[in-house]
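Visitor: I have the sequence and the model open. Could you take me through how to read its features, one at a time?

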Amino acid sequence: MHTTFERTQRIAVLGGGPGGYEAALAAAQLGAEVTLVERAGVGGSAVLTDVVPSKSLIATAEASNAVKEAADLGVQFFARGGDAKAVKPDVAINLQAVNKRLLGLAAQQSEDMRTNLLDAGVRLVQGEGRLDGPNAVIVATAKGGTDFDRIDADTLVISTGATPRVLPSAVPDGERILTWTELYALKQVPEHLIVVGSGVTGAEFASAYRALGAKVTLISSREHVLPGEDADAAAVIEKVFKRNGMKVLSKSRADSVVVDGDGVLATLSDGREVRGSHCLMAVGSVPNTADLGLEEAGVQLAESGHIRVNRVARTSMPNIYAAGDCTTFLPLASVASMQGRTAVFHAMGDIVNPPENRNITSNIFTQPEIATVGWTENEIEQGVVPGVVYKLPLASNPRAKMMGIRDGFVKLFASSASGSIIGGVVVAPKASELIFPLALAVEHRLTVDQFAEAFPVYPSLTGSLTDAARAMHVVR
């Protein structure tokens, strides 16, 4: 009698960010022999220098704003023994303490993820990795590349992320000219922060540092901030920025940024000069795909350097998958996680439900936040999809009145033919939480009537969602 043994599938994951972490965890849970290679720490830049610390900083900024605006709700601030007087209080920010806290949170999150992987049986290798053909990864495990570890694998998952784009005319020095990964070394709130770039990253940090007390000048090469977002939402954010004292320079391009004495000097393409104490360069990111041996292994790259993947995160090589910001898919941490899981499920023959781009929610953590899902109003106006639009200002919502919310709205998009909800936009505090009911509606093709049948709490901001859906009812 002969006993046959089926060899365990070997999976090597290059990069321990959200995509690589989820891929490794899912593969181990499915019984694969998994090795994860990471140069900095589990969680990658998303946890250590990007999403976790930046959103923690923004949470501090929101707390600062809440204190400042409490007087509008009748909260009085006064010195003990003095006369009660409702004022707008000055709020002191200990940025060194803030940064210590948020970097501590990031480190703890990384350690928790590392523990989860080890508990699942994943082998962790720290070092610089690159492909050696389509079936192996070589890792330099010592500085200078003197010691190497070769990992043979049946399936490879590439999740190496991206890094901030650096312009030759505005090279970061880590002290005055900064990328968003370098902000956490600041010991105090910048006196005057110049932000170059009005996309998501630029807008989020401009919003946060203004709330923390910095004078902020936002240099935007486009006519409005957040040019790729819903136009009504971007208009609300720009109005709030200006009302809060931020200077927004529209249709302005920074030709160069240099350190000038104890500050920085930004020179615009029209010759104007902007002086500040610090400058944040937020001009996009580039994928970490150079010198990884990808093309030698047969993996196709886009002209931008991103790895081309299909809906199941597969590359041009059948046994090589890729996830996260290094790919041509949406650059969101939640998407990277989903891609990592999808890649492993597909590689190991498990059930795969490829995601629809339209069903993915995204959020911009300005104050207020902007959350979106599904088709856009612009696509409806251009006739890409037949639909109707309904917009309801938050000012009419009773809970918003109680909370002192002045800005924001909910906007629903529904199919002209079926009444199914096909998209939506929420501009509000914690829009990232409020968008979830709309995401469920889009995912499961609920009609506006079905959506409106649900009972929201009264009073609540979610009531505006069902109010909008109810207003879109059509007698059939």
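Visitor: Is His192 buried or exposed?

Guide: Buried means under 20% relative accessible area, exposed over 50%, and partly exposed in between, with a 1.4 Å probe and protein chains only. His192 has 10% relative accessibility, so it counts as buried. This is a predicted model, where local features need pLDDT of at least 70, side-chain atom pairs count only at pLDDT 80 or more, and totals for chains, interfaces and linings use all residues. Residues are numbered from 1 along each chain as its sequence is written, and side-chain values use heavy atoms, with hydrogens and water left out.

Visitor: Where is His192 found, and what does its side chain make a polar contact with?

Guide: Helices (H or I, at least four residues) and strands (E, at least two) are DSSP runs, numbered from the N terminus. His192 is in strand β10, residues 192–196. A polar contact is a pair of N or O atoms within 3.5 Å; within protein, one must be able to donate a hydrogen and the other to accept it, and residues adjacent in sequence count only if both atoms are side-chain atoms. The His192 side chain has such a contact, of 2.8 Å, with the side chain of Thr217. Contact in general means heavy atoms within 4.5 Å. Not counting residues up to four places away in sequence, His192 touches Lys215, Val216, Thr217, Arg275, Gly276, Ser277 and His278.

Visitor: Which residues does UniProt list for "binding site"?

Guide: UniProt positions are given in the numbering used here, feature names are shortened, and annotations may be inferred rather than shown by experiment. The unreviewed UniProt entry lists Lys55, Gly129 and Asp325. They span 271 residues of sequence and are also spread in space, with up to 29.0 Å between C-alpha atoms.

Visitor: Which residues of α3 are buried?

Guide: An α-helix has 3.6 residues a turn, so residues three or four places apart point the same way. In α3 the buried residues are Pro53, Ser54, Ser56, Leu57, Ile58, Thr60, Ala61, Ser64 and Asn65. Their cover includes α2 (44–48), α4 (95–120) and α5 (200–211).

Visitor: How many residues has the largest nonpolar core?

Guide: A nonpolar core is a set of buried Ala, Val, Leu, Ile, Met, Phe, Trp, Tyr and Cys residues joined through side-chain atoms within 4.5 Å. The largest has 43 residues, and those with the most contacts inside it include Leu57, Phe205 and Ile370. Elements giving this core two or more residues include α3, β10 and α5. At least three of its residues come from each of domain 2 (177–283) and domain 3 (368–472), the bounds being from an automatic or database domain assignment. Apart from this core lies another, of 27 residues, among them Leu392, Ala431, Ile435 and Val448.
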